[in-house]
Amino acid sequence: MPAGLNRALLTVAGAVVAVILAIAICSVAIIIAGGEPLTALTALFDFGEAARAQSNSIATFLNRAVPLFIAGLAVAVGFRMNLFNIGVEGQYRIAAICAAYVGSTFTAPAPLQITVIIVVAALVGGLYALIPAIMKVTRGVNEVISTIMLNYIAINLAAFLVRGPFAGQRAEGELTVSTPELPDSAMFPDLNFLFDGFGLLPPTRGGGLWGFLIVAIVLGVAIWVVLERTRFGFNIKASGLNGPAALASGVNPKKMVISAMVLSGAIAGLIGLPEILGDRGAYNSNFTAGLGFLGIAVALLGRNKPVGIAIAALLFAFLDRAQGALQFADIPPSVITIIQGTIVLLVVVANEVTNRIALRLEERRAAQQLGRNTPVEVNA
């Protein structure tokens with residue numbers, strides 16, 4: 001069996017075993033919480049009885065997966081360079097509010113309006129990620145520490161901006177504050193026609209199926225090409241694995257650190273746009289938080305590969321969507337968090353185990369091949 005196929009099969013087997021073990025461990029947690037594991041498992045796959053409820057559940061599931069997938073891509077770019085960009089949370093929050101505000105200041109044809117908003121979000125996210133990159137290459141500051149501190153700055157800066165300079169008008173007595181509403185030309189067209197194609201009723205909750213799903217798919221393909229099929233992607237991986245060796249071969253590791261962090265931040269800047277352009281039409285004080293931190297788990301679960309990240313994002317989104325169904329079944333929603341954390345932990349352990357098994361198999365195969373090719377001496 002080819003080494004690549006053997007390693008892939010081991011990886012899949014390890015992931016399956018990890019998920020099964022996670023379900024078993026969480027079943028114990030459910031029993032301790034006074035619930036029934038079988039009831040919880042049934043609730044996980046409960047998309048509703050009415051046709052409209054099923055469509056809304058599917059749309060909610062896919063809409064949740066889109067920002068998680070983009071967050072996973074952002075983190076994975078840094079991981080490829082052995083950089084832990086923990087600042088994705090702050091980068092997408094500050095990028096989202098800036099893009100929403102800029103988009104509200106003018107009106108243009110939809111393609112131009114949406115393009116400007118996307119470009120602004122990517123620029124702000126990339127520039128904010130440039131700060132820890134420069135600190136690392138010039139002063140040797142660990143990116144984990146700098147990005148965590150910058151998260152707090154970005155989160156509180158966004159909270160100040162949405163209540164101050166970027167605040168829009170709000171009705172009397174309304175507690176939620178937001179940026180000015182985006183014009184209709186800034187709203188991304190939905191994909192509800194896909195439900196018609198499958199004979200389902202179009203969803204009505206949360207703006208339907210967000211059209212930014214298409215952008216996420218294109219982004220995933222582009223990142224795969226950049227990381228796996230270009231010299232830039234090879235240089236990032238080489239610099240992350242061995243900086244001195246990369247420098248000896250003509251690659252500037254410091255330049256690659258800056259490039260990888262800026263690219264990671266630019267991708268992170270897009271995380272909040274599906275929600276803004278697909279549903280809310282503005283950045284408000286109730287904007288979804290925590291996507292950057294979840295992106296770390298998604299990237300780890302997907303092994304920093306766009307296809308794996310997509311599968312991990314769908315899994316996390318599927319579990320998140322089930323929180324309401326679990327509450328109706330009298331199962332604590334915290335079980336979802338336990339399942340997510342357990343799966344990530346076990347998959348990371350399984351990856352390490354399967355990597356070691358694959359390495360031993362390859363060494364054994366190489367030794368056998370060397371034994372066949374070694375000439376046998378015959379004594380006269």
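Predicted model: local features only at pLDDT ≥ 70, side-chain atom pairs only at ≥ 80, totals over all residues.
Select Phe 45 and Phe 318. Their ring centres are 5.2 Å apart and the planes meet at 55°, so this pair is tilted. Phe 45 sits in the loop between α2 (37–44) and α3 (51–80), while Phe 318 belongs to helix α14 (residues 306–321), so the pair ties together parts that are 273 residues apart in sequence. Buried or exposed: which is Phe 45? Phe 45 counts as exposed, at 56% relative accessibility. Phe 318 is buried, with a relative accessible area of 15%.

Next, select Tyr 92 and Phe 287. The centres of these rings lie 6.4 Å apart with the planes at 45°, so the pair is tilted. Tyr 92 is in helix α4 (residues 88–104) and Phe 287 in the loop between α12 (273–280) and α13 (291–301); the parts tied together are 195 residues apart in sequence. Tyr 92 and Phe 287 are both buried.

Finally, select helix α5 (residues 110–139) and helix α11 (residues 253–268). They pack at an angle of about 150°, with axes 7 Å apart. That angle makes α5 roughly antiparallel to α11, since angles over 145 degrees count as such. The crossing of α5 and α11 is right-handed. To see the contact, show residues including Ala 122, Gly 125 and Leu 130 of α5, and Val 257, Ile 258 and Met 261 of α11. The residues of this contact divide into 11 nonpolar, three polar and two charged.

How values were computed:
Residues numbered from 1 in each chain as written. Heavy atoms only, no water. Axes fitted to C-alpha atoms, helices over the stretch in contact; angles between N-to-C directions. Helix = DSSP H or I, 4+ residues; strand = E, 2+ residues; numbered from the N terminus. Parallel < 35°, antiparallel > 145°, perpendicular 65-115°, else oblique. Left-handed = near helix turned anticlockwise from the far one by under 90°. Contact = heavy atoms within 4.5 Å. Nonpolar A, V, L, I, M, F, W, Y, C, P; charged D, E, K, R; others polar. Phe/Tyr/Trp six-rings, centres within 6.5 Å; stacked < 30°, edge-to-face > 60°. Buried < 20%, exposed > 50% of the residue type's maximum accessible area, 1.4 Å probe, protein only.
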